[in-house]
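Subject: Structure handover

Hello,

Here is the structure I promised you. Please open it and keep it beside this email while you read.

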Amino acid sequence: MSKRQGDHLERDESPKIRATVDERTVNEVVRLALSVEYARVGLRVKTIKEITDLRTTSEIAAVIMAANEKLINIFGMKLVRLPKILKKADAAKAASEAMQVKQESLTPTDTPKNSMFSADSIYVLQNCLPEKYIKVISNNAPHNRETGYMGVVAIVVSLIAFSGGMLEGQVLTRYLNALNLEEKIKSTSLISLENTFKLLVKHMYIEKEVTVVNAERKGIEFVKYTLGKRALREFTQDSMIKLCEMIMKNEFTDITEDQVKAQLKHTALMPEDMIPQIPASTQ
């Protein structure tokens, strides 16, 4: 093979001439995905590059797709790419951003900027077990710090979602106090409501925006919370509807569902079938 041909293969992003996936590298990425998910920090393409010899987008794409298939088949979990969110976006801008994410192509032949596998991509793991198995697991799960924390996550995300995707800090705290959540949080060793908010921000379930107003030279802070990247993938319009149906039971009707959908349109939450998926490996 000539040097020119070799250079062409190195630059070409087409999956048809992609290098064979190395099983050991795939296993490394699987272990890394499980490890970072336990810490809820997200799997970054940058990190994958640091622990492997992969450099091109096509190589990264091949390994991520192969690792994703292994995670699905062995662990019942799948990799999902987090959306990009503007830091100071209001609900309308966030919805526009979500629409851009929805319209992204899912093939590794895209340019790095728009690719599912670009250098700035972050992935999280999601449960993809059939519903009947999820029910068995949830019914037998012990009540511990993790289940308590996820309960708080669901409440906070729901409150923000049904408030148009944004909620002032004082209002959110008032809602949570009305639910006596402070005491419930202490019983799950999460220490305090303030500490829980920090965890929610760190784990990308919510985003905190602070505006400082200099009133008579006193720095008065106004805090508002919006839905974070992880929340926009772990929660969907469908899961919010299911939550309302579970709480309202017999009072939940088709009219109620239409009202819920209308409210959620003002957020960046998407229908489950519109969330971009990593394509199956061609190897």
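A definition to begin: two strands pair if DSSP finds at least two bridges between them. Keep in mind that this is a predicted model.

**Strands**

Start with strand β3, residues 122–127. Strand β1 (residues 43–44) is joined to β3 by 2 bridges, and the two run antiparallel. Here Arg 44 has Ile 122 of β3 as its bridge partner. Strand β2 (residues 77–81) is also antiparallel to β3, with 5 bridges between them. Met 77 stands opposite Asn 127 in β3.

**Salt bridges**

Side chains of opposite charge can pair when their charged atoms come close. How many salt bridges does the structure hold? There are 4.

Take Glu 23 and Lys 70. Their side chains meet in a salt bridge at 2.3 Å, N to O. Glu 23 is in helix α2 (residues 23–39) and Lys 70 in helix α4 (residues 57–75), so this pair links distant parts of the chain, 47 residues apart. Glu 23 is partly exposed, at 46% relative accessibility.

Next, look at Arg 230 and Glu 37. Their closest N and O atoms are 2.9 Å apart. Arg 230 lies in the loop between β6 and α11 (231–234), and Glu 37 lies in helix α2, so the pair ties together parts 193 residues apart in sequence. Both residues are buried: Arg 230 has a relative accessible area of 0%, and Glu 37 has 14%.

Glu 257 and Lys 261 form a salt bridge too, at 3.4 Å, N to O. They are 4 residues apart in helix α13, so about one helical turn separates them. Glu 257 is partly exposed at 24%, and Lys 261 is partly exposed at 34%. Finally, salt bridges with shared partners join Glu 37, Arg 230 and Glu 234 into one network.

**Aromatic rings**

The whole structure has 2 aromatic pairs. In one of them, the ring centres of Tyr 149 and Tyr 205 are 6.4 Å apart. Their planes are at 70°, so the pair is edge-to-face. Tyr 149 lies in helix α7 (residues 145–161), and Tyr 205 in the loop between α10 (193–202) and β5 (206–215). Both are buried. Arg 230 turns up again here: it lies over the face of Tyr 205, 5.8 Å from the ring centre.

**Surface**

Val 213, Ile 220 and Phe 222 make a nonpolar surface patch of about 260 Å². Phe 222 is in strand β6 (residues 218–227).

Best wishes

Conventions. Residues are numbered from 1 along each chain as its sequence is written. This is a predicted model: local features need pLDDT of at least 70, side-chain atom pairs count only at pLDDT 80 or more; totals for chains, interfaces and linings use all residues. Side-chain values use heavy atoms; hydrogens and water are left out. Rings of Phe, Tyr and Trp (its six-membered ring) pair if their centres lie within 6.5 Å; planes under 30 degrees apart count as stacked, over 60 as edge-to-face and the rest as tilted. Buried means under 20% relative accessible area, exposed over 50%, partly exposed in between (1.4 Å probe, protein chains only). A charge sits over a ring if NZ of Lys or CZ of Arg is within 6 Å of the ring centre and within 35 degrees of the ring normal. Patches are made of residues with over 30% relative accessible area and no salt bridge: like charges are joined within 9 Å, nonpolar side chains (Val, Leu, Ile, Met, Phe, Trp, Tyr) within 5 Å. Accessible areas come from the Shrake-Rupley method with a 1.4 Å probe; for residues, only the protein chains shown count as cover.
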